[in-house]
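Hi,

Here is the structure I promised to pass on. Have a look at it first, and then read my notes below.

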Amino acid sequence: MKKALLLLLPLALMLMHTVTGYSQTLLGTYTFGLCPETNTVTAQPANGLFTAITRTVVASSCVSGFFRSDGWNNDATVYDLTRYITFTLTANAGFTTNFTTSDYVTFIAKTLVDSGTVDKIRVDYSLDGAAYVTMGELDINTAFAAKTFYFPSNIQSAVTGNIQFRIYAKGIALSGSQRLVNMDNVSLYGAICSGSPGITGSAI
């Protein structure tokens, strides 16, 4: 048994090196620019393609340099899942998206009116059209601050290389006649790998 374990050790070390080498690579960033907003990534990754970042139900309230959206839910307890910002990454043929617990979505965000601790922002993801999984939620207020959402421990590679994200907000107070959230520098960290998927974050 001891000999067998020693023989397996080099293989285990090789796999650990392979997995860690796949994580924490910047795949793409949306920076927006002047009005009208630039809603494409600054550069597409090798072997993959990001869609434009778009809104559903919430609407643009463009201000130069930010992705400002109006029409968010002001309910402090429940997210309106019909109102969100979304983008998708699809790996090229023969490749898959790959994420570990070291990988994440990050952006800066703020509201225009501080409602205390009820202002929240949340990120969900879906692999290849499967049910959405919540990465987490964080407070937002009237000061720009980084919001970072890590993948959960059971994250796996996408089967066909497609991952879609949705960003929700709740508890957003009125600023004049609008319920506004400003965002910038929306970025995704992970990897696009050749071959079969199946490496999980918990394997690291």
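Predicted model: local features only at pLDDT ≥ 70, side-chain atom pairs only at ≥ 80, totals over all residues.

**The overall picture**

By that counting, the chain has 14 strands and one helix. It is 204 residues long, and 42% of those residues count as buried. Its accessible surface comes to about 9700 Å², and carbon and sulfur atoms own 58% of that. Now look at who touches whom: among contacts with a separation of 6 or more, 78% are between residues 24 or more positions apart.

Nonpolar side chains tend to be buried together in soluble globular proteins. In this model, the largest nonpolar core has 37 residues, and the members that touch the most others are Phe107, Phe151, Phe165, Met183 and Leu188. At least two core residues come from each of these strands: S1 (25-32), S7, S9 (104-111), S10 (120-127), S13 (162-170) and S14 (180-194). Which strand gives the most to this core? That would be S14, with five residues.

Leaving aside neighbours within four places in sequence, Phe151 is in contact with a whole list of residues, including Phe99, Tyr104, Tyr125, Met135, Ile163, Phe165 and Leu188.

S1 and S2 run antiparallel and are joined by two bridges. Together they make a hairpin with five residues between them, and Gly33 in the turn has a positive phi of about 75°. Across the pair, Phe32 stands opposite Thr38 in S2.

**Salt bridges**

Side chains of opposite charge can pair when their charged atoms come close. How many salt bridges does the count come to?

- Glu37 and Arg55 meet through their side chains, 2.7 Å from N to O. Glu37 sits in the loop between S1 and S2 (38-41) while Arg55 is in S4 (residues 54-56), so this pair ties together parts that are 18 residues apart in sequence. Glu37 has a relative accessible area of 17%, so it counts as buried, because the cut-off for that is under 20%.
- Asp80 and Arg83 form another bridge, at 2.6 Å from N to O. Asp80 is partly exposed, with a relative accessible area of 22%, and Arg83 is partly exposed as well, at 26%.
- Arg122 pairs with Asp124, and their closest N and O atoms are 2.9 Å apart. Both Arg122 and Asp124 are buried.

**A glycine in a loop**

Last stop: Gly94, in the loop between S7 (84-91) and S8 (95-98). Is Gly94 buried or exposed? Its relative accessible area is 59%, so Gly94 is exposed, because anything over 50% counts that way. Even so, Gly94 has partners from elsewhere in the sequence: leaving aside neighbours within four places, Gly94 is in contact with Cys193, Ser194 and Gly195. Gly94 and Thr160 are also worth a look, as they are 66 residues apart in sequence and 8.6 Å apart in space, C-alpha to C-alpha.

Happy exploring!

Note on methods:
Residues numbered from 1 in each chain as written. Heavy atoms only, no water. Helix = DSSP H or I, 4+ residues; strand = E, 2+ residues; numbered from the N terminus. Buried < 20%, exposed > 50% of the residue type's maximum accessible area, 1.4 Å probe, protein only. Contact = heavy atoms within 4.5 Å. Areas by Shrake-Rupley, 256 points an atom, 1.4 Å probe, with all protein chains shown as cover. Core = buried A, V, L, I, M, F, W, Y, C linked by side-chain atoms within 4.5 Å. Salt bridge = Lys/Arg side-chain N within 4 Å of Asp/Glu carboxyl O. Pairing = 2+ DSSP bridges.
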